[in-house]
Amino acid sequence: MKPQNKPNASEKSSKTSTLTTQKIERILSYLPWLASLFAIPILCLSFVGLYHIWQAGWGLYFMGLILLCSCLLALPLVYLRYSNKQSKTQPEQETLAVDTGDWVSPQQDWSEFDLACWNKLNLTLEDCLQQDASWGRLREHAIVLLTESAQAYRGQHHRSVTKITLLELLTLTEVVSRRYRRLLKEHLPYAEKIDIASLQLIYENRDRHQPILKLWNVWRVVRLATPTGWLAEARAQLYDYFFQEVKADLQHRLKQAFLQEVARVSIDLYSGRYQNDLENTPMAQDKIPLSLEPNPLKIACVGQINAGKSTLVNALCRELVTEVSPLPSTSSVNRFVCRLETVETLHLIDLPGLNGDAKQLNETLDILMESDVVLWVFKADQPARALDLNAYRAWQARYELSSNRTRKKPPVLGVLTQVDRLQPVREWAPPYPQASSASPAAQEKWAHIIDAQTYLQELFPIKEMVCIALPENKPVFNLETLEALINEYYSEGLMTQLNRHRLSPLQATSIKDEFKRAYRIGQSLFRQYVATSNSPNKTK
(Lines give C-alpha, C1' and ligand atoms only; values in the text may rest on other atoms or scores of the structure.)
Protein backbone atom coordinates (compact mmCIF):
# COMPACT_ATOMS: atom_id res chain seq x y z
CA MET A 1 0.00 0.00 0.00
CA LYS A 2 2.88 2.41 0.64
CA PRO A 3 4.09 2.44 -2.98
CA GLN A 4 0.58 3.52 -4.07
CA ASN A 5 0.49 6.51 -1.70
CA LYS A 6 3.86 7.94 -2.67
CA PRO A 7 2.88 9.10 -6.20
CA ASN A 8 -0.13 10.97 -4.83
CA ALA A 9 2.01 12.80 -2.29
CA SER A 10 4.61 13.65 -4.91
CA GLU A 11 1.94 14.94 -7.29
CA LYS A 12 0.52 17.18 -4.59
CA SER A 13 3.96 18.48 -3.68
CA SER A 14 4.79 19.12 -7.35
CA LYS A 15 1.53 21.05 -7.87
CA THR A 16 2.19 23.10 -4.75
CA SER A 17 5.75 23.85 -5.84
CA THR A 18 4.48 24.85 -9.32
CA LEU A 19 1.96 27.29 -7.86
CA THR A 20 4.61 28.72 -5.55
CA THR A 21 6.99 29.15 -8.46
CA GLN A 22 4.33 30.96 -10.47
CA LYS A 23 3.64 33.34 -7.58
CA ILE A 24 7.35 34.06 -7.18
CA GLU A 25 7.73 34.73 -10.90
CA ARG A 26 4.73 37.07 -10.82
CA ILE A 27 6.24 39.00 -7.92
CA LEU A 28 9.64 39.18 -9.61
CA SER A 29 8.07 40.60 -12.76
CA TYR A 30 7.14 43.76 -10.79
CA LEU A 31 10.64 44.27 -9.38
CA PRO A 32 12.03 46.33 -12.33
CA TRP A 33 9.07 48.69 -12.14
CA LEU A 34 9.44 49.09 -8.37
CA ALA A 35 13.19 49.58 -8.71
CA SER A 36 12.66 52.36 -11.24
CA LEU A 37 10.31 54.13 -8.82
CA PHE A 38 13.09 54.24 -6.24
CA ALA A 39 15.93 54.87 -8.70
CA ILE A 40 14.47 57.93 -10.46
CA PRO A 41 14.15 60.10 -7.29
CA ILE A 42 17.62 59.04 -6.12
CA LEU A 43 19.15 60.00 -9.48
CA CYS A 44 17.39 63.37 -9.41
CA LEU A 45 18.67 64.05 -5.89
CA SER A 46 22.17 63.01 -6.97
CA PHE A 47 22.26 65.56 -9.81
CA VAL A 48 20.90 68.27 -7.52
CA GLY A 49 23.51 67.39 -4.88
CA LEU A 50 26.38 67.45 -7.40
CA TYR A 51 25.25 70.87 -8.66
CA HIS A 52 25.08 72.21 -5.10
CA ILE A 53 28.55 70.84 -4.29
CA TRP A 54 29.95 72.48 -7.41
CA GLN A 55 28.31 75.84 -6.62
CA ALA A 56 29.51 75.78 -2.99
CA GLY A 57 33.11 75.08 -4.02
CA TRP A 58 33.28 71.69 -2.33
CA GLY A 59 34.27 69.76 -5.46
CA LEU A 60 37.84 69.19 -4.26
CA TYR A 61 36.67 67.76 -0.96
CA PHE A 62 34.06 65.60 -2.69
CA MET A 63 36.64 64.13 -5.09
CA GLY A 64 38.95 63.49 -2.14
CA LEU A 65 36.16 61.59 -0.38
CA ILE A 66 35.54 59.50 -3.50
CA LEU A 67 39.27 58.74 -3.77
CA LEU A 68 39.36 57.69 -0.11
CA CYS A 69 36.40 55.36 -0.58
CA SER A 70 38.02 53.92 -3.69
CA CYS A 71 41.22 53.22 -1.76
CA LEU A 72 39.26 51.49 1.02
CA LEU A 73 37.46 49.43 -1.60
CA ALA A 74 40.76 48.50 -3.22
CA LEU A 75 42.37 47.22 -0.03
CA PRO A 76 40.72 43.74 -0.22
CA LEU A 77 41.68 43.53 -3.89
CA VAL A 78 45.29 44.34 -3.06
CA TYR A 79 45.30 41.65 -0.38
CA LEU A 80 43.85 39.05 -2.76
CA ARG A 81 46.34 39.93 -5.46
CA TYR A 82 49.23 39.70 -3.03
CA SER A 83 48.03 36.32 -1.73
CA ASN A 84 47.74 35.00 -5.30
CA LYS A 85 51.33 36.04 -6.02
CA GLN A 86 52.48 34.32 -2.83
CA SER A 87 50.72 31.09 -3.81
CA LYS A 88 52.37 31.15 -7.24
CA THR A 89 55.84 31.39 -5.70
CA GLN A 90 55.44 28.29 -3.52
CA PRO A 91 57.77 25.31 -4.09
CA GLU A 92 57.07 23.05 -7.01
CA GLN A 93 56.16 20.12 -4.76
CA GLU A 94 53.21 22.06 -3.40
CA THR A 95 51.87 22.93 -6.86
CA LEU A 96 51.48 19.38 -8.07
CA ALA A 97 47.74 19.64 -7.45
CA VAL A 98 46.59 21.48 -10.58
CA ASP A 99 44.34 24.49 -10.07
CA THR A 100 41.54 23.73 -12.51
CA GLY A 101 39.31 26.58 -11.40
CA ASP A 102 35.80 26.28 -10.08
CA TRP A 103 33.95 26.40 -13.41
CA VAL A 104 34.78 22.96 -14.80
CA SER A 105 35.33 19.96 -12.56
CA PRO A 106 36.09 16.28 -13.30
CA GLN A 107 33.38 13.66 -13.37
CA GLN A 108 32.62 11.98 -10.05
CA ASP A 109 32.68 8.48 -11.53
CA TRP A 110 36.16 8.77 -13.06
CA SER A 111 38.88 6.30 -12.22
CA GLU A 112 42.34 7.17 -10.89
CA PHE A 113 43.74 6.91 -14.42
CA ASP A 114 41.09 9.34 -15.70
CA LEU A 115 41.92 11.84 -12.96
CA ALA A 116 45.65 11.58 -13.76
CA CYS A 117 44.90 12.31 -17.45
CA TRP A 118 42.71 15.23 -16.37
CA ASN A 119 45.58 16.79 -14.41
CA LYS A 120 48.01 16.31 -17.29
CA LEU A 121 45.59 17.88 -19.77
CA ASN A 122 45.15 20.89 -17.46
CA LEU A 123 48.91 21.39 -17.39
CA THR A 124 49.00 21.14 -21.18
CA LEU A 125 46.24 23.68 -21.73
CA GLU A 126 47.89 26.14 -19.35
CA ASP A 127 51.11 25.83 -21.35
CA CYS A 128 49.16 26.43 -24.56
CA LEU A 129 47.49 29.55 -23.15
CA GLN A 130 50.82 30.90 -21.95
CA GLN A 131 52.30 30.49 -25.42
CA ASP A 132 49.35 32.07 -27.25
CA ALA A 133 46.12 33.04 -25.50
CA SER A 134 44.33 34.52 -28.51
CA TRP A 135 40.83 33.34 -29.28
CA GLY A 136 41.83 32.30 -32.78
CA ARG A 137 44.30 29.70 -31.47
CA LEU A 138 41.79 27.85 -29.28
CA ARG A 139 41.05 25.44 -32.11
CA GLU A 140 44.71 24.42 -32.36
CA HIS A 141 44.90 24.10 -28.56
CA ALA A 142 41.81 21.87 -28.56
CA ILE A 143 43.40 19.59 -31.15
CA VAL A 144 46.50 19.33 -28.95
CA LEU A 145 44.34 18.24 -26.01
CA LEU A 146 42.46 15.71 -28.13
CA THR A 147 45.73 14.28 -29.42
CA GLU A 148 47.23 13.92 -25.95
CA SER A 149 44.04 12.33 -24.59
CA ALA A 150 43.83 9.90 -27.53
CA GLN A 151 47.45 8.85 -27.08
CA ALA A 152 46.89 8.25 -23.37
CA TYR A 153 43.98 5.87 -24.03
CA ARG A 154 44.68 4.50 -27.51
CA GLY A 155 48.49 4.46 -27.59
CA GLN A 156 51.15 6.38 -29.50
CA HIS A 157 49.59 5.97 -32.94
CA HIS A 158 49.42 8.65 -35.63
CA ARG A 159 45.73 7.88 -36.20
CA SER A 160 44.71 7.45 -32.58
CA VAL A 161 42.83 10.78 -32.64
CA THR A 162 40.61 9.79 -35.58
CA LYS A 163 39.89 6.22 -34.40
CA ILE A 164 36.37 7.20 -33.38
CA THR A 165 33.02 6.73 -35.06
CA LEU A 166 31.07 9.51 -36.75
CA LEU A 167 28.41 9.37 -34.03
CA GLU A 168 31.07 9.76 -31.34
CA LEU A 169 32.49 12.80 -33.15
CA LEU A 170 29.05 14.40 -33.29
CA THR A 171 28.57 13.60 -29.61
CA LEU A 172 31.88 15.32 -28.83
CA THR A 173 30.85 18.58 -30.49
CA GLU A 174 27.34 18.39 -29.05
CA VAL A 175 28.40 17.87 -25.45
CA VAL A 176 31.13 20.54 -25.56
CA SER A 177 28.70 23.08 -27.05
CA ARG A 178 25.96 22.30 -24.55
CA ARG A 179 28.25 22.44 -21.53
CA TYR A 180 29.98 25.64 -22.65
CA ARG A 181 26.63 27.27 -23.36
CA ARG A 182 25.48 26.48 -19.82
CA LEU A 183 28.77 27.78 -18.43
CA LEU A 184 28.40 31.10 -20.29
CA LYS A 185 24.85 31.49 -18.99
CA GLU A 186 26.06 30.97 -15.43
CA HIS A 187 29.18 33.19 -15.45
CA LEU A 188 29.06 35.70 -18.34
CA PRO A 189 26.92 38.81 -17.65
CA TYR A 190 24.36 39.61 -20.38
CA ALA A 191 25.28 36.46 -22.28
CA GLU A 192 21.75 36.29 -23.71
CA LYS A 193 22.01 39.90 -25.00
CA ILE A 194 25.33 39.58 -26.85
CA ASP A 195 24.64 38.87 -30.53
CA ILE A 196 27.06 37.93 -33.27
CA ALA A 197 26.33 41.10 -35.25
CA SER A 198 27.48 43.29 -32.35
CA LEU A 199 30.65 41.30 -31.90
CA GLN A 200 31.35 41.49 -35.62
CA LEU A 201 30.76 45.26 -35.61
CA ILE A 202 33.16 45.74 -32.70
CA TYR A 203 35.78 43.62 -34.42
CA GLU A 204 35.46 45.48 -37.73
CA ASN A 205 35.74 48.88 -36.01
CA ARG A 206 38.46 47.92 -33.56
CA ASP A 207 40.89 50.46 -35.13
CA ARG A 208 38.45 53.39 -35.44
CA HIS A 209 38.27 54.15 -31.73
CA GLN A 210 41.89 55.27 -31.63
CA PRO A 211 41.12 58.98 -32.41
CA ILE A 212 38.53 59.07 -29.64
CA LEU A 213 40.98 57.49 -27.23
CA LYS A 214 43.60 60.09 -28.15
CA LEU A 215 41.15 62.93 -27.46
CA TRP A 216 40.30 61.39 -24.11
CA ASN A 217 43.98 61.15 -23.17
CA VAL A 218 44.45 64.84 -24.10
CA TRP A 219 41.57 65.78 -21.81
CA ARG A 220 43.13 63.73 -19.00
CA VAL A 221 46.36 65.72 -19.39
CA VAL A 222 44.53 69.06 -19.45
CA ARG A 223 42.52 68.39 -16.31
CA LEU A 224 45.73 67.73 -14.36
CA ALA A 225 46.07 71.53 -14.13
CA THR A 226 43.55 71.54 -11.28
CA PRO A 227 43.63 69.71 -7.93
CA THR A 228 40.27 68.16 -8.74
CA GLY A 229 41.74 66.75 -11.93
CA TRP A 230 44.61 65.19 -9.98
CA LEU A 231 42.17 63.40 -7.69
CA ALA A 232 40.02 62.24 -10.60
CA GLU A 233 43.09 60.93 -12.43
CA ALA A 234 44.25 59.09 -9.32
CA ARG A 235 40.88 57.42 -8.98
CA ALA A 236 40.85 56.47 -12.68
CA GLN A 237 44.32 54.96 -12.44
CA LEU A 238 43.25 52.96 -9.39
CA TYR A 239 40.19 51.60 -11.14
CA ASP A 240 42.11 50.78 -14.34
CA TYR A 241 44.77 48.99 -12.29
CA PHE A 242 42.28 46.52 -10.90
CA PHE A 243 39.47 46.27 -13.42
CA GLN A 244 41.78 45.76 -16.38
CA GLU A 245 43.15 42.75 -14.51
CA VAL A 246 39.60 41.56 -13.79
CA LYS A 247 38.81 41.85 -17.50
CA ALA A 248 41.92 39.88 -18.45
CA ASP A 249 41.15 37.25 -15.79
CA LEU A 250 37.60 36.85 -17.11
CA GLN A 251 38.88 36.25 -20.64
CA HIS A 252 41.45 33.77 -19.35
CA ARG A 253 38.78 31.89 -17.41
CA LEU A 254 36.49 31.70 -20.44
CA LYS A 255 39.30 30.33 -22.61
CA GLN A 256 40.42 27.96 -19.87
CA ALA A 257 36.87 26.71 -19.34
CA PHE A 258 36.39 26.03 -23.04
CA LEU A 259 39.58 23.98 -23.25
CA GLN A 260 38.71 22.17 -20.02
CA GLU A 261 35.35 21.18 -21.49
CA VAL A 262 37.21 19.78 -24.50
CA ALA A 263 39.57 17.91 -22.18
CA ARG A 264 36.75 16.51 -20.06
CA VAL A 265 34.74 15.32 -23.06
CA SER A 266 37.86 13.86 -24.72
CA ILE A 267 38.47 11.71 -21.63
CA ASP A 268 34.90 10.40 -21.78
CA LEU A 269 35.23 9.90 -25.53
CA TYR A 270 38.50 7.97 -25.73
CA SER A 271 37.76 5.96 -22.58
CA GLY A 272 34.73 4.48 -24.35
CA ARG A 273 31.95 6.18 -22.39
CA TYR A 274 30.32 7.50 -25.58
CA GLN A 275 30.03 4.16 -27.32
CA ASN A 276 26.45 3.68 -26.25
CA ASP A 277 23.51 5.58 -27.68
CA LEU A 278 23.44 8.73 -25.58
CA GLU A 279 19.99 9.77 -26.77
CA ASN A 280 18.48 7.01 -24.63
CA THR A 281 20.52 7.75 -21.50
CA PRO A 282 20.61 10.60 -18.98
CA MET A 283 24.13 11.42 -20.25
CA ALA A 284 22.50 13.09 -23.24
CA GLN A 285 21.40 15.85 -20.87
CA ASP A 286 24.65 15.76 -18.87
CA LYS A 287 22.89 14.33 -15.84
CA ILE A 288 24.17 11.73 -13.45
CA PRO A 289 21.32 9.20 -13.31
CA LEU A 290 21.07 9.24 -9.54
CA SER A 291 17.74 11.05 -9.74
CA LEU A 292 16.37 7.89 -11.36
CA GLU A 293 15.85 4.73 -9.37
CA PRO A 294 19.36 3.24 -9.09
CA ASN A 295 20.05 -0.44 -9.04
CA PRO A 296 20.47 -1.94 -5.57
CA LEU A 297 24.00 -1.51 -4.32
CA LYS A 298 26.01 -4.73 -4.69
CA ILE A 299 28.23 -5.35 -1.65
CA ALA A 300 30.60 -8.30 -1.97
CA CYS A 301 31.85 -10.09 1.16
CA VAL A 302 35.21 -11.74 0.51
CA GLY A 303 37.72 -13.43 2.81
CA GLN A 304 39.24 -16.73 3.81
CA ILE A 305 37.29 -19.81 4.82
CA ASN A 306 35.60 -19.53 8.23
CA ALA A 307 36.30 -15.81 8.39
CA GLY A 308 32.68 -15.15 9.36
CA LYS A 309 31.26 -13.88 6.05
CA SER A 310 27.94 -15.74 6.26
CA THR A 311 27.48 -14.74 9.89
CA LEU A 312 28.14 -11.13 8.93
CA VAL A 313 25.57 -11.30 6.11
CA ASN A 314 22.92 -12.69 8.45
CA ALA A 315 23.69 -10.04 11.05
CA LEU A 316 23.43 -7.19 8.52
CA CYS A 317 20.20 -8.49 7.06
CA ARG A 318 18.62 -9.21 10.47
CA GLU A 319 15.51 -10.34 8.59
CA LEU A 320 16.41 -12.30 5.49
CA VAL A 321 14.05 -11.09 2.78
CA THR A 322 14.82 -13.52 0.00
CA GLU A 323 17.66 -15.44 -1.56
CA VAL A 324 17.96 -14.67 -5.23
CA SER A 325 19.30 -17.07 -7.81
CA PRO A 326 23.02 -17.81 -7.71
CA LEU A 327 25.31 -15.71 -9.86
CA PRO A 328 26.10 -17.33 -13.22
CA SER A 329 29.83 -17.63 -12.53
CA THR A 330 29.52 -20.29 -9.83
CA SER A 331 26.72 -22.05 -8.00
CA SER A 332 28.46 -21.52 -4.65
CA VAL A 333 27.89 -17.74 -4.71
CA ASN A 334 24.63 -16.47 -3.27
CA ARG A 335 23.21 -13.00 -3.33
CA PHE A 336 20.83 -11.87 -0.60
CA VAL A 337 18.47 -8.92 -0.66
CA CYS A 338 18.34 -7.12 2.65
CA ARG A 339 17.46 -3.73 4.11
CA LEU A 340 19.28 -1.60 6.64
CA GLU A 341 17.85 1.22 8.68
CA THR A 342 19.66 3.86 6.57
CA VAL A 343 19.60 2.10 3.18
CA GLU A 344 16.39 0.71 1.75
CA THR A 345 17.76 -2.13 -0.43
CA LEU A 346 21.15 -3.81 -0.67
CA HIS A 347 22.42 -6.92 -2.38
CA LEU A 348 24.91 -8.73 -0.15
CA ILE A 349 27.02 -11.21 -2.12
CA ASP A 350 28.41 -14.04 0.00
CA LEU A 351 31.50 -15.26 -1.86
CA PRO A 352 33.15 -18.63 -1.21
CA GLY A 353 36.15 -18.58 1.10
CA LEU A 354 39.59 -18.10 -0.38
CA ASN A 355 41.41 -21.43 -0.44
CA GLY A 356 44.20 -20.95 -2.96
CA ASP A 357 42.34 -22.51 -5.91
CA ALA A 358 43.16 -20.56 -9.12
CA LYS A 359 39.78 -21.15 -10.79
CA GLN A 360 37.84 -20.07 -7.73
CA LEU A 361 40.08 -17.00 -7.38
CA ASN A 362 39.34 -15.90 -10.95
CA GLU A 363 35.62 -16.31 -10.35
CA THR A 364 35.88 -14.28 -7.16
CA LEU A 365 37.81 -11.51 -8.92
CA ASP A 366 35.21 -11.40 -11.70
CA ILE A 367 32.51 -10.75 -9.12
CA LEU A 368 34.60 -8.13 -7.32
CA MET A 369 35.03 -6.27 -10.63
CA GLU A 370 31.24 -6.02 -10.88
CA SER A 371 30.66 -4.97 -7.25
CA ASP A 372 29.96 -1.48 -5.91
CA VAL A 373 31.38 -1.88 -2.39
CA VAL A 374 33.68 -4.62 -1.06
CA LEU A 375 33.71 -5.89 2.53
CA TRP A 376 37.01 -7.71 3.05
CA VAL A 377 36.45 -9.94 6.07
CA PHE A 378 39.41 -10.93 8.25
CA LYS A 379 39.31 -13.39 11.12
CA ALA A 380 40.98 -11.82 14.14
CA ASP A 381 42.74 -14.97 15.39
CA GLN A 382 43.87 -16.08 11.90
CA PRO A 383 47.67 -15.58 11.67
CA ALA A 384 48.07 -16.48 7.96
CA ARG A 385 47.24 -13.60 5.58
CA ALA A 386 48.91 -14.84 2.38
CA LEU A 387 45.63 -15.91 0.73
CA ASP A 388 44.03 -12.52 1.41
CA LEU A 389 47.11 -10.62 0.29
CA ASN A 390 47.52 -12.58 -2.94
CA ALA A 391 43.85 -12.18 -3.81
CA TYR A 392 43.93 -8.45 -3.07
CA ARG A 393 47.05 -7.92 -5.22
CA ALA A 394 45.57 -9.96 -8.08
CA TRP A 395 42.39 -7.88 -7.91
CA GLN A 396 44.31 -4.59 -7.95
CA ALA A 397 46.45 -5.88 -10.84
CA ARG A 398 43.31 -6.18 -12.97
CA TYR A 399 42.84 -2.40 -12.81
CA GLU A 400 46.33 -1.94 -14.26
CA LEU A 401 45.24 -3.57 -17.52
CA SER A 402 44.61 -1.16 -20.39
CA SER A 403 41.03 -2.43 -20.70
CA ASN A 404 40.26 -1.58 -17.06
CA ARG A 405 42.20 1.65 -16.52
CA THR A 406 39.03 3.73 -16.72
CA ARG A 407 37.17 1.52 -14.25
CA LYS A 408 36.52 3.15 -10.90
CA LYS A 409 37.64 0.99 -8.00
CA PRO A 410 34.91 0.22 -5.46
CA PRO A 411 35.58 1.34 -1.91
CA VAL A 412 37.03 -1.45 0.23
CA LEU A 413 36.01 -1.66 3.88
CA GLY A 414 37.92 -4.00 6.15
CA VAL A 415 35.96 -6.00 8.71
CA LEU A 416 37.94 -7.67 11.51
CA THR A 417 35.61 -10.34 12.87
CA GLN A 418 35.61 -12.60 15.91
CA VAL A 419 37.64 -10.17 18.03
CA ASP A 420 36.03 -11.79 21.07
CA ARG A 421 38.33 -14.80 20.52
CA LEU A 422 41.49 -12.76 21.08
CA GLN A 423 43.34 -13.13 24.35
CA PRO A 424 42.20 -13.24 27.06
CA VAL A 425 39.42 -15.42 25.64
CA ARG A 426 37.26 -15.42 28.81
CA GLU A 427 37.16 -11.65 28.88
CA TRP A 428 34.23 -10.23 26.93
CA ALA A 429 32.37 -7.23 28.31
CA PRO A 430 31.69 -4.79 25.45
CA PRO A 431 31.57 -1.97 24.62
CA TYR A 432 35.27 -1.30 24.08
CA PRO A 433 37.36 0.77 24.68
CA GLN A 434 36.57 0.97 28.35
CA ALA A 435 37.66 3.53 30.89
CA SER A 436 41.14 3.49 32.35
CA SER A 437 39.63 2.11 35.55
CA ALA A 438 38.65 -1.11 33.73
CA SER A 439 40.06 -4.43 34.77
CA PRO A 440 43.50 -5.48 33.53
CA ALA A 441 41.88 -8.23 31.48
CA ALA A 442 39.64 -5.74 29.65
CA GLN A 443 42.59 -3.44 28.93
CA GLU A 444 44.60 -6.38 27.64
CA LYS A 445 41.67 -7.41 25.43
CA TRP A 446 41.40 -3.98 23.91
CA ALA A 447 45.17 -3.80 23.36
CA HIS A 448 45.11 -7.06 21.38
CA ILE A 449 42.19 -5.76 19.28
CA ILE A 450 44.09 -2.57 18.43
CA ASP A 451 47.24 -4.54 17.58
CA ALA A 452 45.34 -6.82 15.18
CA GLN A 453 43.65 -3.84 13.49
CA THR A 454 46.93 -1.92 13.14
CA TYR A 455 48.68 -4.91 11.61
CA LEU A 456 46.00 -5.35 8.94
CA GLN A 457 45.92 -1.65 8.09
CA GLU A 458 49.68 -1.72 7.54
CA LEU A 459 49.40 -4.84 5.38
CA PHE A 460 46.40 -3.81 3.28
CA PRO A 461 45.81 -0.27 1.90
CA ILE A 462 42.15 -0.29 2.94
CA LYS A 463 40.21 2.91 3.53
CA GLU A 464 38.42 1.91 6.72
CA MET A 465 38.73 -0.97 9.20
CA VAL A 466 36.02 -1.98 11.66
CA CYS A 467 36.41 -4.49 14.50
CA ILE A 468 33.26 -6.47 15.22
CA ALA A 469 32.17 -9.56 17.12
CA LEU A 470 28.98 -11.57 16.58
CA PRO A 471 29.19 -14.34 19.19
CA GLU A 472 26.25 -16.59 20.05
CA ASN A 473 24.54 -15.94 23.37
CA LYS A 474 26.92 -13.04 24.01
CA PRO A 475 26.72 -9.28 23.45
CA VAL A 476 27.29 -8.11 19.86
CA PHE A 477 30.10 -5.59 19.36
CA ASN A 478 30.36 -2.70 16.86
CA LEU A 479 27.82 -3.87 14.27
CA GLU A 480 26.16 -0.43 14.22
CA THR A 481 29.53 1.15 13.36
CA LEU A 482 29.79 -1.04 10.27
CA GLU A 483 26.25 -0.11 9.23
CA ALA A 484 27.07 3.59 9.58
CA LEU A 485 30.20 3.06 7.49
CA ILE A 486 28.20 1.37 4.73
CA ASN A 487 25.84 4.31 4.72
CA GLU A 488 28.80 6.72 4.54
CA TYR A 489 30.21 5.03 1.44
CA TYR A 490 26.82 4.49 -0.20
CA SER A 491 27.22 7.50 -2.53
CA GLU A 492 30.69 6.42 -3.59
CA GLY A 493 29.31 2.97 -4.32
CA LEU A 494 26.68 4.52 -6.57
CA MET A 495 29.45 6.40 -8.41
CA THR A 496 31.22 3.07 -8.96
CA GLN A 497 27.98 1.60 -10.29
CA LEU A 498 27.51 4.58 -12.60
CA ASN A 499 31.06 4.25 -13.90
CA ARG A 500 30.49 0.59 -14.68
CA HIS A 501 27.24 1.31 -16.53
CA ARG A 502 28.76 4.11 -18.58
CA LEU A 503 31.64 1.85 -19.59
CA SER A 504 29.41 -1.08 -20.52
CA PRO A 505 30.31 -2.30 -24.03
CA LEU A 506 28.28 -1.28 -27.00
CA GLN A 507 25.50 -3.74 -27.68
CA ALA A 508 26.05 -5.68 -30.86
CA THR A 509 23.89 -4.49 -33.73
CA SER A 510 21.70 -7.25 -35.05
CA ILE A 511 21.60 -8.20 -38.72
CA LYS A 512 17.92 -7.35 -38.73
CA ASP A 513 18.62 -3.75 -37.73
CA GLU A 514 21.31 -3.39 -40.40
CA PHE A 515 18.92 -4.82 -42.98
CA LYS A 516 16.30 -2.25 -41.99
CA ARG A 517 18.81 0.54 -42.46
CA ALA A 518 19.82 -0.76 -45.89
CA TYR A 519 16.15 -1.16 -46.85
CA ARG A 520 15.28 2.42 -45.83
CA ILE A 521 18.17 3.99 -47.75
CA GLY A 522 17.47 1.77 -50.78
CA GLN A 523 13.81 2.75 -50.71
CA SER A 524 14.76 6.43 -50.56
CA LEU A 525 17.15 6.12 -53.49
CA PHE A 526 14.56 4.21 -55.53
CA ARG A 527 11.93 6.93 -54.97
CA GLN A 528 14.41 9.59 -55.99
CA TYR A 529 15.26 7.63 -59.13
CA VAL A 530 11.59 7.19 -60.06
CA ALA A 531 10.88 10.89 -59.46
CA THR A 532 13.82 11.85 -61.67
CA SER A 533 12.75 9.44 -64.41
CA ASN A 534 9.18 10.81 -64.50
CA SER A 535 10.27 14.43 -64.41
CA PRO A 536 9.11 16.37 -67.54
CA ASN A 537 12.37 18.33 -67.54
CA LYS A 538 14.48 15.20 -67.96
CA THR A 539 16.58 15.42 -71.07
CA LYS A 540 16.19 12.66 -73.54
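Author: A nonpolar core is here a set of buried Ala, Val, Leu, Ile, Met, Phe, Trp, Tyr and Cys residues joined through side-chain atoms within 4.5 Å, where buried means under 20% relative accessible area, exposed over 50%, and partly exposed in between, with a 1.4 Å probe and protein chains only. The model is predicted, so local features need pLDDT of at least 70 and side-chain atom pairs count only at pLDDT 80 or more, while totals for chains, interfaces and linings use all residues. Residues are numbered from 1 along each chain as its sequence is written, and side-chain values use heavy atoms, with hydrogens and water left out.

The largest nonpolar core has 36 residues, and those with the most contacts inside it are Leu-351, Leu-368, Trp-376, Phe-378, Trp-395, Leu-416 and Val-419. Two or more residues each come from strands S1 (297–303), S5 (373–379), S6 (412–417) and S7 (464–467) and from helices H11 (358–369), H12 (386–398) and H13 (440–459); helices (H or I, at least four residues) and strands (E, at least two) are DSSP runs numbered from the N terminus. Once neighbours within four places in sequence are set aside, Leu-368 is in contact (heavy atoms within 4.5 Å) with Ala-300, Val-302, Leu-351, Val-374, Trp-376, Trp-395 and Pro-410. A second, separate core comprises 29 residues, among them Trp-110, Leu-172, Leu-254 and Val-262. In soluble globular proteins, nonpolar side chains tend to be buried together.

Leu-166, by contrast, is exposed, with a relative accessible area of 60%, and its place is in helix H6 (residues 166–187).

Two cis peptide bonds deserve attention as well: one runs from Gln-423 to Pro-424, with omega near -10°, and another joins Pro-430 and Pro-431, with omega about 10°. Asn-306 is exposed at 58% relative accessible area, and Asn-473 is exposed at 83%. Most residues other than glycine have a negative phi, and most peptide bonds are trans.

For the protein as a whole, there are 16 helices and seven strands, and 34% of the 540 residues count as buried.
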